[in-house]
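Please read this note beside the sequence and the 3D view. The points are numbered for reply.

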Amino acid sequence: MDRFRMIFQYFQSNSESVMNGICGLLALASVKIYTCFEFSCPCLPRYNMAYGLGIMFVPPVALFLCGLILNRQSLVMLEEWRRPQGCRKKDLAVIRYMCSSIMQRALVAPAIWIIVTLLDGKCLICAFSGSVDPEKFVGFANTSPVQVQQLLAKVPCKDDELMRNNTSRKAVSRYLRCWSQALGWSILLILIVAAFLTRWLRPCFNQATLLQARHWSNYIDIEQKIFEETCCEHSRLFAHKCILHFFKSMQQEIKLHSFSLPREGEKAEGEEDLLQGITDQDQMNKLLKMWYYEKPPLDIS
Amino acid sequence: MDKFRMIFQFLQSNQESFMNGICGIMALASAQMYSAFDFNCPCLPHYNLAYGLGILLVPPFILFLLGFVLNNNVSMLAEEWRRPRGQRGKDPAVLRYMFCSMAQRAMIAPVVWVSVTLLDGKCITCAFCTSVPVETLGNASHPGFSQGEMKRVLARIPCKDIYDGQELIANEVAVRYLRCISQALGWCFVLLMTTLAFLVRSLRPCFTQAAFLKSRYWSHYIDIERKLFDETCAEHARSFAKVCIQQFFEGMSTDLAAARCHPPRKAPADAGEAAEKLLGITDQGTMNTALKSWHRCKPPLHLHPPALPSSNGWAGKEQSPTHTPVPRREMAAYCSQV
């Protein structure tokens, strides 16, 4: 139990690890969706290519957008990018750092989909079965071009009556799957080498700038969280005061019999401090507008 | 149990992750419902279209309404919309924000249902099997089939065991074709929905951030105020009931003592807490009368004015009439006189 609590606390405390967690979940979801999805090649001359390439490329785009949507930091980055300058300068390096880290995390699930698709092979067999050279395969060598196209289009469908016992079908299928898996493994190798090089070589370039960018992007994230929490706390106290005022104006003697109000009366002074003198709607609206249009300078000396 | 409590705490602590959690659960529930549903195409010419499109479109609509019904904030929105203006102005931006956030959450389960239905393919296969292009996929020139006859044969495509049109068009070819179209539609629908969601989320900080902060704060405020008001009213009702019952018992004990021509017994100074709690009722007959009286003739909801706090227990209070112009609903609940 203690271990779970520590894990949860760790994930909550560090927003980067929350993002890593979401990225991992989305990658797992990507694999799960692919395995649950019933791939069904149409086995018709022009439809094959569209279907095969569609299944290979459309879901990754949707997964990429999902990765951006679920990542809280993308909102933070957009807000920081679009806010008016006010009293606080904007550091483009910070925004670039946030953008690159968001993009890297959002690209994981689409990359996994594409790699799994290629390693499985069905998509490529479906898309390119009509594009193989029929001369290479005995069963398709001596047929008319139109018929060859029809036959090749039916290669992905094992149970089709024309293809059921056709050995050339298996040859074409193996050939395409071999290409597909080679492509899949190559892409995987390239991506891992690229990630490795990026992480290894990054300290050689601009380490100081990187540290600064990382620190301030973390700061912006935490500042926004704390602002939201403070607003929540403030609205709670505001509501409490409002209701107390309402009750007081209706009934004077309620204090004699209520259990909780006398206690809250003693705490009233502490709460006045927390409310910072903001006690009506116009003042709160002005505060929120000021927070957006003119953020305070990063100087609390 | 502890593990669940911690998971809930984790989800609740961060508002964003709580909402993501709810969305994930609804999506999973919708997918599970679809897989549990036993799809049964009627395989008859006009019924197919109605059944297929019905299964595609009616459950999402129900899930959407259910999403609203199950959301506690719907009543809050309705209250804020219908309340009289009074001393507090109404901000339509806040109402719009509350409605939009509820609608977004309610849309998730229907979108998942439609996506899963289209990606599975059975609905579209059932609905559009009579529209398969027989000229390109099969032998349209096959003699012996009139239009109506051909439609009847094609309508049986989803039901493999009774399909008798193999010479007209092969069953697998037609099913593959329809499923391909259905899955293409499904993925396009998924892409469209995620693009819309992305645009909605990313355009907001670019255009209306200040207004958004305002609406979010005040909608949260309205929610908290309502909860705190309910809590305060509950505490007040508790105190009210306690004093009312206390006064009832004391009144009963005094009446009975007066009826028996005994003066009300003062509790001796060192009687202790237990004797005080007995409220002057110390025998079976008195207790029975008190219980009967409580059932037959409950006391009015009107507490007596406070006297000096003394040991014979006549503490009470009076309700002053209400003057302030506040929403009528609260006034009526507050000054209820049975």
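1. Basis. This is a predicted model, in which local features need pLDDT of at least 70 and side-chain atom pairs count only at pLDDT 80 or more, while totals for chains, interfaces and linings use all residues. Residues are numbered from 1 along each chain as its sequence is written, chains are lettered from A and ligands numbered from 1 in the order in which they are written, and side-chain values use heavy atoms, with hydrogens and water left out.

2. Domains. Chain A divides into domain 1 (1-203) and domain 2 (205-255), with bounds from an automatic or database domain assignment. Taken over C-alpha atoms, the centres of these two domains of chain A are 41 Å apart.

3. Buried area. Domain 1 and domain 2 of chain A bury about 1,400 Å² between them, and 52% of this is on carbon and sulfur atoms. Buried area here is the accessible area (1.4 Å probe) that two parts lose on being put together, summed over both. On the domain 1 side, A:Arg72, A:Tyr97 and A:Arg202 lose the most area, together 34% of what that side buries.

4. Helix H4 of chain A. Helices are DSSP runs (H or I, at least four residues), numbered from the N terminus. Nine of the 11 residues of H4(A) are buried, including A:Arg72 and A:Glu80; buried means under 20% relative accessible area, exposed over 50% and partly exposed in between (1.4 Å probe, protein chains only). At the start of H4(A), a side-chain oxygen of A:Asn71 comes within 3.1 Å of the backbone nitrogen of A:Gln73.

5. Backbone angle. Most residues other than glycine have a negative phi. A:Cys43 has a positive phi of about 60 degrees, and B:Cys43 likewise has a positive phi of about 60 degrees. A:Cys43 is in the loop between H2 and H3 of chain A and is buried at 1% relative accessible area. B:Cys43 is in the loop between H2 and H3 of chain B and is buried at 4%.

6. Salt bridges. The count over all chains is 13. A:Arg105 and A:Glu16 pair at 3.9 Å, N to O; A:Arg105 is in helix H5 and A:Glu16 in helix H2 of chain A, so the pair ties together parts 89 residues apart in sequence. A:Arg105 is buried at 18%, whereas A:Glu16 is partly exposed at 33%.

7. Between chains. B:Arg179 and A:Glu38 form a salt bridge at 3.2 Å, N to O, and A:Glu38 is partly exposed at 42%. A:Glu228 and B:Arg216 form another at 3.5 Å, N to O.

Definitions and conventions:
Helices (H or I, at least four residues) and strands (E, at least two) are DSSP runs, numbered from the N terminus. A polar contact is a pair of N or O atoms within 3.5 Å; within protein, one must be able to donate a hydrogen and the other to accept it, and residues adjacent in sequence count only if both atoms are side-chain atoms. A salt bridge is a side-chain nitrogen of Lys or Arg within 4 Å of a carboxyl oxygen of Asp or Glu.
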